[in-house]
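Please open the structure in your viewer and keep the selection panel at hand. This tour moves from stop to stop, saying what to select and what is there.

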Amino acid sequence: MQFISQDDLTFNINNKALKYCTKVSNTNLEVIKFAGINSNILRKVIQYCEIHQDDVSIPQISRPFKSNLIYDIVNFKDANFITSIDFQEISQIIQAAELLGIDTLVDLSCVYIALKIRGKSSEKIKLLFKANKPQTDEEDQRQRDIDDSAKGQRIQIFD
Amino acid sequence: MLQTLQNELTTLQTNSKQQDQRLENLYMSFQEIYDLKKKLDNPSSTMHNMLNYVRPDIFHQIFIFLDTKQIFRFRLVSKKANYVVKLMLPKQIFIFQQQIADQQNEIQLKIQDIQGIGEDQSQQQVMKAAIDGVSRLTKNHIVELKSLARPPELVEKIINLVCMTLDPTFKIQKDNWKECQKYLSRVNFLELIATLDISSINDKQLQQLEQVNSIQEQQAAAMSTVAKFILIFLKAVFEIRQSKLYMTQNAIKQLESKIMKEEQLIKKFEKIIK
């Protein structure tokens, strides 16, 4: 199957990796365009699926957490993957994963953010969520597009 | 002469210009530093905050992995954070109410379960015999035991276990005879043992109490009369506490405690929503 991002970049995804995208894997479509997901995010989401393509299944994250370190809670591949992503991008990863139905990626991202928040005072949490760079109007619009498509309004489908 | 003066004047003017330039550069550096400090102390409104552009339901998914205390701390971050938390509270109240209903059903089932079970007569007889044994002990026996500076290891172990049984906060450790002596000093020590409520023993205490099974009565008797009778008592307590009746009663107590905590949280959440 091919995924086309918001900025018109095409990504191929094989069937093994596609099985994790539960909301699109059972369709007969060959190409899907995601008007609300930019190429950077889509690339990373597909990378996650490809990391696990040879796994029978991805284990669920057990609670309570053994420790505050992501490497102690999830497997090494997942920990490596999530720690390589910019913190500000993780919310976009969650939205994209929700759209595609990749529940394990949603959980992984949420756990990572939860661990970052855990044990911190309100002041430190405030600093954590502040972006280091100013958001441009283009980025604002892109974010609105992501929100709208996450509500299922803007997926354009090509046969 | 005039030429010399002219040259000197030119040199002075050049130097003056260079100094002016240096001064200007210094002022610019100060301005940069001042601007940087201002940005750090008062972030510009064009700086973007994740709380403002990430949907609240994304945060609700994150909150699943946080405890209530942490979520309340998150509320204090900003008005927006407070709003995000408030949005999820009605759903959380609903979840707690469902949990309470399920737990109450479970309690009813457990109560029905134990209604059919009477107290095991043989166990009761064993317990009675154990209490009789402890009743034979006098204050002098306890004073004698307490006066030992370094009792045998087995005796210390048995006294540790009885202190832990009487007090869930007591920590069993090696070489804490001084702590045991404090308990032995209590005026009503024997009375506390004789009137112990077996249903108040929690699972953690029960787990520790299992150690009595590895001690033989003859071993204890050879070292101390007090240790022997207390060991017999602890063995009887362990056996009865493990019975279905007491296990179920303990489970009911734990469920009731959970329900109480959840009801308190619901009240707290309702206050916040108002």
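Predicted model: local features only at pLDDT ≥ 70, side-chain atom pairs only at ≥ 80, totals over all residues.

Residues are numbered from 1 along each chain as its sequence is written, chains are lettered from A and ligands numbered from 1 in the order in which they are written, and side-chain values use heavy atoms, with hydrogens and water left out.

**Aromatic rings**

A search of the whole structure finds 12 aromatic pairs over all chains, where rings of Phe, Tyr and Trp (its six-membered ring) pair if their centres lie within 6.5 Å, and planes under 30 degrees apart count as stacked, over 60 as edge-to-face and the rest as tilted. Select Phe3(A) and Phe34(A), whose rings are edge-to-face, with 5.1 Å from centre to centre and 90° between the planes. Phe3(A) belongs to strand β1 (residues 2–4) of chain A and Phe34(A) to strand β3 (residues 31–34) of chain A, so that the pair links parts of the chain 31 residues apart; helices (H or I, at least four residues) and strands (E, at least two) are DSSP runs, numbered from the N terminus. Both Phe3(A) and Phe34(A) are buried, a word that stands for under 20% relative accessible area, with exposed for over 50% and partly exposed in between (1.4 Å probe, protein chains only).

Next select Phe59(B) and Phe74(B), a tilted pair, because the ring centres are 5.5 Å apart and the planes lie at 45°. Phe59(B) is in helix α3 (residues 56–63) of chain B, and Phe74(B) is in helix α4 (residues 68–75) of chain B. Phe59(B) is buried at 1% relative accessibility, and Phe74(B) is buried at 0%.

**Salt bridges**

How many salt bridges are there over all chains? The count comes to seven, a salt bridge being a side-chain nitrogen of Lys or Arg within 4 Å of a carboxyl oxygen of Asp or Glu. Select Glu89(A) and Lys44(A), whose closest N and O atoms are 2.8 Å apart. Glu89(A) lies in helix α5 (residues 87–100) of chain A and Lys44(A) in helix α2 (residues 39–51) of chain A, so this pair ties together parts that are 45 residues apart in sequence. Glu89(A) is buried at 14% relative accessibility, and Lys44(A) is buried at 18%.

In chain B, select Arg241(B) and Asp203(B), which form a salt bridge at 3.2 Å between the closest N and O atoms. Arg241(B) is buried, at 0% relative accessibility, whereas Asp203(B) is partly exposed, at 38%.

Select Asp8(A), which has a positive phi of about 60° although it is not a glycine. Most residues other than glycine have a negative phi. Asp8(A) is exposed, at 55% relative accessibility.

Then select residues 56–88 of chain B, which the unreviewed UniProt entry annotates as "domain: F-box"; such annotations may be inferred rather than shown by experiment, and UniProt positions are given in the numbering used here, with feature names shortened. This segment is 79% helix and 0% strand, and its end C-alpha atoms are 8 Å apart.

Finish with Leu5(B), which lies in helix α1 (residues 2–41) of chain B and is partly exposed, with a relative accessible area of 47%.
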